[in-house]
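Have the sequence and the 3D view side by side. This report goes through a loop, a few helices and a pocket in turn.

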Amino acid sequence: MGTELDPAHPPTAAIQLPTASSALDRHIYRALPAVDRVEAIVSRLHDSIAIGIIQTGDRLPNEAEMSESFGVSPATLREALAQLRDRGLVETRRGRNGGTFVVNTPVPTRDAVAAKLDTYSVADLRDIGDQRSAISGMCARLAATRSSEENCVRLRHLANELKDSASSDQQARFHSRFWLELSVAAQSRRLLALELPLQLEIADLLWTPLSRQRNIAAISDSLHQIIDAVAAREVDAAESRAIERIQQDSYHLIDEKLTLAMTRSAEGN
């Protein structure tokens with residue numbers, strides 16, 4: 001039975017995600033490639049807020065710290081923050097306890113996500129799944145040898161919160177955070193650096209309902225199976241269960257793309 005999605009989106013402040021680890025924080029604000037850096041900063045922070053890595057009420061690092069971390073000039077950073085203010089996502093407060101604070105969480109529209117999915121071919125979606133399997137599968141293997149009891153507690157919290165979430169934007173946040181926390185549990189900075197952009201790219205694609213709802217209970221159960229294997233130090237089982245979950249995600253995305261294409265074709269006839 002698929003879980004019914006609540007069309008109403010409760011306030012983001014009600015979503016209690018675990019605090020981001022310092023390892024994850026470092027990767028959010030890491031240096032950017034030499035492209036349109038304003039747009040790159042806006043995209044990085046926008047998507048990080050959207051999937052709950054940076055939450056409503058959080059204060060961003062000060063401008064000097066962010067400029068240095070992103071590898072940009074203060075003027076470039078200020079332009080990016082101005083765009084985020086214009087979108088109503090952050091506000092800058094003056095005074096002793098001032099700074100730039102997150103004040104809103106963007107929720108993707110169905111039309112925007114459908115348009116984004118159109119930009120991917122079936123081969124692209126399969127390749128994303130292959131990349132996720134390689135990265136997250138190895139994270140699961142390493143987590144089965146390196147994780148702490150605290151890591152497993154955090155992972156179980158996220159899997160449980162996913163099951164209890166009533167809206168797709170909440171589900172996207174808890175699901176993405178699960179895979180990021182699995183990377184943290186693997187204790188590999190390079191794998192975490194690879195996992196973050198993947199989650200920023202696919203969260204809205206996986207969780208915005210386009211043609212069908214997802215079986216949230218089954219997905220949560222599969223995440224618990226990964227955790228069980230990690231906690232039991234079953235290296236091969238942890239990897240295989242992670243890859244099985246990712247393959248199901250890939251099948252879902254490909255099915256969504258093909259279903260949308262057939263629906264549009266039928267409507268055009």
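Gln 187 sits in the loop between α8 and α9. Helices here are DSSP runs of H or I with at least four residues, strands are runs of E with at least two, and both are numbered from the N terminus. The model is predicted, so local features need pLDDT of at least 70 and side-chain atom pairs pLDDT 80 or more, while totals for chains, interfaces and linings use all residues. Residues are numbered from 1 along each chain as its sequence is written, and side-chain values use heavy atoms, without hydrogens and water.

Is Gln 187 buried or exposed? Gln 187 counts as exposed because its relative accessibility is 51%. The cut-offs are under 20% relative accessible area for buried, over 50% for exposed, and partly exposed in between, with a 1.4 Å probe and protein chains only. Now look at the backbone. Most residues other than glycine have a negative phi. Gln 187 is not a glycine, yet its phi is positive, near 60°.

Arg 233 lies in the loop between α10 (216-231) and α11 (235-268). Its phi is positive too, at about 65°, although Arg 233 is not a glycine. Arg 233 is partly exposed, with a relative accessible area of 41%.

Ser 183 belongs to helix α8. It is buried, at a relative accessible area of 1%. What does Ser 183 contact, leaving aside neighbours within four places in sequence? Its contacts (heavy atoms within 4.5 Å) are Cys 139, Ser 188, Leu 191, Leu 192 and Glu 195.

Ser 133 is in helix α6 (residues 122-146). It counts as buried at 14% relative accessibility. With neighbours within four places in sequence left aside, Ser 133 touches Met 138, Ile 243 and Ile 246. Ile 41, in helix α2, is buried at 0% relative accessibility. Ile 41 and Ala 80 are 39 residues apart in sequence, but their C-alpha atoms are 6.2 Å apart in space.

## Helix α7 and its two sides

Helix α7 has 16 residues, 149-164. The expected span is 1.5 Å times one less than the number of residues.

Which residues of α7 are buried? They are Asn 151, Cys 152, Arg 154, Leu 155, Leu 158, Ala 159 and Leu 162. Seen down the axis of α7, these buried residues fall within an arc of 160°, so they line one face of the helix. The arc is taken from the directions from the helix axis to the C-beta atoms. The buried residues of α7 pack against α8, α9 and α10. On the other side of α7, Glu 149, Glu 150, Val 153 and Asp 164 are exposed.

## The largest pocket

The largest pocket holds about 320 Å³ of space. A pocket is an open set of points on a 1 Å grid over the protein atoms alone, where a 1.4 Å probe fits, with protein on both sides within 12 Å along at least five of seven lines; lining residues have an atom within 4 Å of a point. Of the 23 lining residues, the closest to the centre are Ala 50, Pro 106, Val 107, Pro 108 and Asp 204. Helices α2 (37-50), α5 (110-118), α8 (168-186) and α9 (189-207) each give two or more residues to the lining.

By class, the lining has twelve nonpolar, five polar and six charged residues. Here Ala, Val, Leu, Ile, Met, Phe, Trp, Tyr, Cys and Pro count as nonpolar, Asp, Glu, Lys and Arg as charged, and the others, Gly among them, as polar.

Notes. Points joined across faces, edges and corners; volume = space filled by probe spheres on them.
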